[in-house]
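Student: Could we go through this two-chain model together? I'd like the overall build first and then a few individual residues.

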Amino acid sequence: MEGGVAYENDLNLKETELRLGLPGTGSTIEKGVSAARNNKRPLPETREEGGANGKPDAQHDDQENAPAPKAQIVGWPPIRSYRKNSLQPKKAEAEAAAGMYVKVSMDGAPYLRKIDLTVYKGYPELLRALENMFKLTIGEYSEREGYKGSEYAPTYEDKDGDWMLVGDVPWEMFLSSCKKLRIIKGSEAIGLGCGA
Amino acid sequence: MLRKASSFPEEMLEHVLSFITSDKDRNAVSLVCKSWYEIERWCRKRIFVGNCYAVRPEMVIRRFPELRSVELKGKPHFADFDLVPDGWGGCVYPWIAALATAYPLLEEIKLKRMVVSDESLEVIAKSFKNFKVLVLSSCEGFSTDGLAAVAANCRNLRGLDLRESEVDDPSGQWLSRFPDSFTSLASLNISCLGAEVSFSALERLVGRCPDLKTLRLNHAVPLDKLANLLRGAPQLVELGTGAYSAELQPDVFSNLAGAFSGCKELRSLSGFWNVFPGYLPAVYPVCSGLTSLNLRDANIQGADLIKLVSQCRSLQRLWVLDYIEDIGLEALAACCKDLTELRVFPSDPYGAEPNVSLTERGLVSVSEGCPKLQSVLYFCRQMTNAALVTIAKNSPRMTCFRLCIIEPRAPDYQTLQPLDLGFGAIVENYKDLRRLSLSGLLTDRVFEYIGTYAKKLEMLSVAFAGDSDLGLHHVLSGCEKLCKLEIRDCPFGDNALLANAAKLETMRSLWMSSCSVSFRACKLLGQKMPRLNVEVIDERGPPDLRPENCPVEKLYIYRTIAGPRFDMPGFVWTMNGDSV
C-alpha cells in the first residue's frame, strides 16, 4: 500500500537525523514554511481506537486513497474521535477499496498468511477461505461447543489483546475488533470447544 | 460602620448566602474569616471539582456535609483527540461509592471525561432516593445495562444527558425500564447512542412526561416517526432529530411540517443526520424563534443550507460544517445580528486539498456583521494577519477564540509571515478573553504578546508553535489568571518549566506532549513541588531505562491536595520525591 511505503521511508530517515523531539515521532522544530512533517501515523492497533461503535476508522482509509498521500498526525486536526463516524457515508467507498488485511498464523506452519477480511460477507465464507488456504477442516460453529468435531479452531486477537474464538460476536463487531487470526490445533482447540 | 462577623446572626448570613451560587463567589466567602468559612460550608449545595484527582472524596465530604449536586471532571481535554492512552484513569467509582454513603439526599451528578462503569450507575440508581439529574458528558465504560438500572430505580429523575459519551453494546430496551408511573422527565439526551431505541417505549415515555423540554434523539429514530413524537410533546424547547435520510414522501413531509408548526416553544434544534434537503422546509415554521442551531452532523450544503440559516433571525448559537462556506457566512452575518457563538467544523479534515470554499473571509464577515460575537471555534485552511487584525477589532466582546488552521505551521498565506501579529492583535483587543487556541506558523513572539496582554486568559491550547523555552516562559510568567495550559509538539523544555514551578500550583493543570521536557526535569519538579502531581506518561516503557535528559513522551502536571494517585496504569509514573 502506497501510504505504508512512504511511512517506512520516513521512519528510517528520522532514525538517523539529529533533531529535538522523540525518536519515532516526526515532530521536528522547523521554522519557515513547511508541509506537515510525518508525525505518528496511526498504527493498525490505533485504527480500532478511533472507531467508536465498531465502525472502521475512516481517517486511516482516507489517507490511503488521498491524491497526495500525507502522513497523518495523531489527534490533529483536533476533532473528537467518535465524530469521525458521522462523516462515514461519504467514505464508504474509500474503505471498501482499501481492504482490511490481517495476518493469519497456524500452529506448525512455517510462515504466516494475510487475508482481506472485507471480501467476506460473514463467518461461513471466512471459514471456508481459511480451510482452503491451510488445507484443513474447521467445521461448523456452535455457540455451546465452538468448533466441535474439528481438531482446529480459528481464534483472533481483539483490540484489548485477548484471544477470542471466531464466531462468538456479530460479524460487524468482529471486523472492527479483529487484529490478527490464529488457527490453533490439537488439545488447545478441544479446550476451547468445551464451553469453558 | 464596623461590625464583627460573629455578631451577624448566622441564619441571616445563611439566607444571604443562599443567593450566592457561583463557585468563585462561594470560595471567596469562605476565605473571609473562620466563622464565615463554617457557615458557608454547612450551606453549600453544589460543588464543582475540575480535576477529580485534585482532592479525595473524603475531603469534600468532610468539608461540605450538605451537598445536593456534585460535578467532576476526569481526563485532560486532549483526551478528546486520542492523546491520552486508554486506561490512564478517571474512574468515577471511588467517588460514587463515597458519595453514596455520605449524601443520601444527593440530587445531581455531572461527570465529564470520566470512566463510568455499569456498577457505578447501579450504585447511583439505588443510593439516592431523590436523584434528579445525571449528566455524562464525553464519558465511557458503561452500557445500556447501567442505564436500565437508572431508568428502573430513579423515581424522580428529571434529566438524563449522555452527550458525546461512548456507550457499549447499546440496545434500545433499557428505555422500557422507566415504569409507567414515571412522569417527571424534563430532559433526555441520547444522541450518542448507536443502536435503535425501542420506539414505542420512547413514544410512551415522551407522551406521559408533561415537563419534557429537552429531547435529543439518536440517529436511529426514523423520520416518519418523528412527527408522532412531536405531537406528543408540543411543549418541547430543545429538539435533536434523528436521521432524516428517507427520500421525500409528501405525506411524511406534510405530517412533519404540521408537527413542527405545533411546537411553538422550540428554541433549539440539532441532529439532522444524513438529512435529505427536501425535508428541510418542514422546520421552517420554527426557524424564526430558534436561538440555537446545531448542524454539525448534517451534510446540508449550498443553497439549502443558506436558506435554512437565513430564516433563523433570532439565532444566537450556530454550529455548522464548513459546507456553509464564505458565502453562507456572509448571509449569516447579514441575517443573524444576535449571534454570540459560531462553530465551523471541517467536513473533510484529513483531505489534502480544500473541498469547500471556506477561508478567512467567512470569519471576517461574521465579525463585521455580528457585534455580539463572543465565542468562536473555526476550522479553516488559510489565514492572514490582516484578517486576524480585522476580526480582533470587530469583536470586542470575545471571550473564547479558537482558531484551527488545518495545516500545522501554516503561515499567513499572502505574506508568508508567521501569524504572531494577528494573534497579538487578538489578545490585545479582546480584553475579556478567557479561552484561546492557537494554530498556524507562530514564533516565540506570539507568546510574548499573550503574556503581555492576555491578563484574563484562563485556558490556552498550543500546537506546533514557538521556537524556544522563552515562549513557554512568557505565558507562565505573564498570564496571571491561567488555569489550564495544554501544549503539543512545541520546542518547550526544562528551563521555562523549572523557572516557573511555583506558577504551576496556581493552575489546575498543565499538559505537554511531544515537547522537549526531560525526565530529569520531571523528577526535579516532582521533588521540589509536593503539592503537584507530576505524571509522566510514556508508552515506550519506564523512563529510568533511558538517559535522564531524554524527553518524556507526555507530561501531565496538576495541583492536588490528595497526594499521588494509586490507580495509575503501567505507562504512567508519578514523580514524587519518595517514589522516584
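This is a predicted model: local features need pLDDT of at least 70, side-chain atom pairs count only at pLDDT 80 or more; totals for chains, interfaces and linings use all residues.

Student: OK, how many helices and strands does chain B have?

Tutor: Chain B has 21 helices and 23 strands, and its C-alpha atoms fill a box of roughly 70 × 65 × 60 Å along the principal axes.

Student: What radius of gyration goes with a compact globule of 580 residues, and what does chain B have?

Tutor: A compact globule with 580 residues would have a radius of gyration near 25 Å, and chain B agrees with that, since its own value is 25 Å. Of its 580 residues, 59% count as buried, and among the contacts in chain B with a separation of 6 or more, 71% come from residues 24 or more positions apart.

Student: And what does chain B's surface look like in numbers?

Tutor: Chain B exposes about 22700 Å², of which carbon and sulfur atoms supply 52%.

Student: Switching to chain A, in what order do its elements run?

Tutor: Chain A comes to seven helices and five strands, and from the N terminus on they run α-α-α-α-β-β-α-β-β-α-β-α. Of the 196 residues of chain A, 47% count as buried, while 49% of the contacts between residues at least 6 apart in sequence join residues at least 24 apart.

Student: Where does A:Trp171 sit, and is it buried or exposed?

Tutor: A:Trp171 belongs to helix H6 of chain A, residues 171–177, and it counts as buried because its relative accessibility is 10%, where the cut-off for buried is under 20%.

Student: What does A:Trp171 touch?

Tutor: Not counting residues up to four places away in sequence, A:Trp171 touches A:Leu117, A:Tyr120, A:Lys121, A:Gly122, A:Tyr123 and A:Leu126. For A:Tyr123, which is 48 residues away along the chain, the C-alpha separation from A:Trp171 is 6.8 Å.

Student: Back to chain B, then: which residues of helix H9 are buried?

Tutor: In H9 of chain B, residues 223–232, the buried ones are B:Leu223, B:Leu226, B:Ala227, B:Leu229 and B:Leu230. They lie on the same side of H9(B), because they cover an arc of only 165° around the axis.

Student: What covers them?

Tutor: The cover over the buried residues of H9(B) includes helix H8 (199–208), strand S9 (214–216), strand S10 (238–240) and helix H10 (250–261) of chain B.

Student: Last one: which residues of chain B does the F-box annotation cover?

Tutor: According to the unreviewed UniProt entry, the annotation "domain: F-box" covers residues 8–49 of chain B. In the model that span is 62% helix and 10% strand, and its end C-alpha atoms lie 30 Å apart.

Notes. Residues are numbered from 1 along each chain as its sequence is written. Chains are lettered from A and ligands numbered from 1 in the order in which they are written. Side-chain values use heavy atoms; hydrogens and water are left out. Buried means under 20% relative accessible area, exposed over 50%, partly exposed in between (1.4 Å probe, protein chains only). Helices (H or I, at least four residues) and strands (E, at least two) are DSSP runs, numbered from the N terminus. The arc is that of the directions from the helix axis to the C-beta atoms. Contact means heavy atoms within 4.5 Å. The radius of gyration is taken over C-alpha atoms; the globule rule is 2.2 Å times the number of residues to the power 0.38. Accessible areas come from the Shrake-Rupley method with a 1.4 Å probe; for residues, only the protein chains shown count as cover. UniProt positions are given in the numbering used here, feature names are shortened, and annotations may be inferred rather than shown by experiment.
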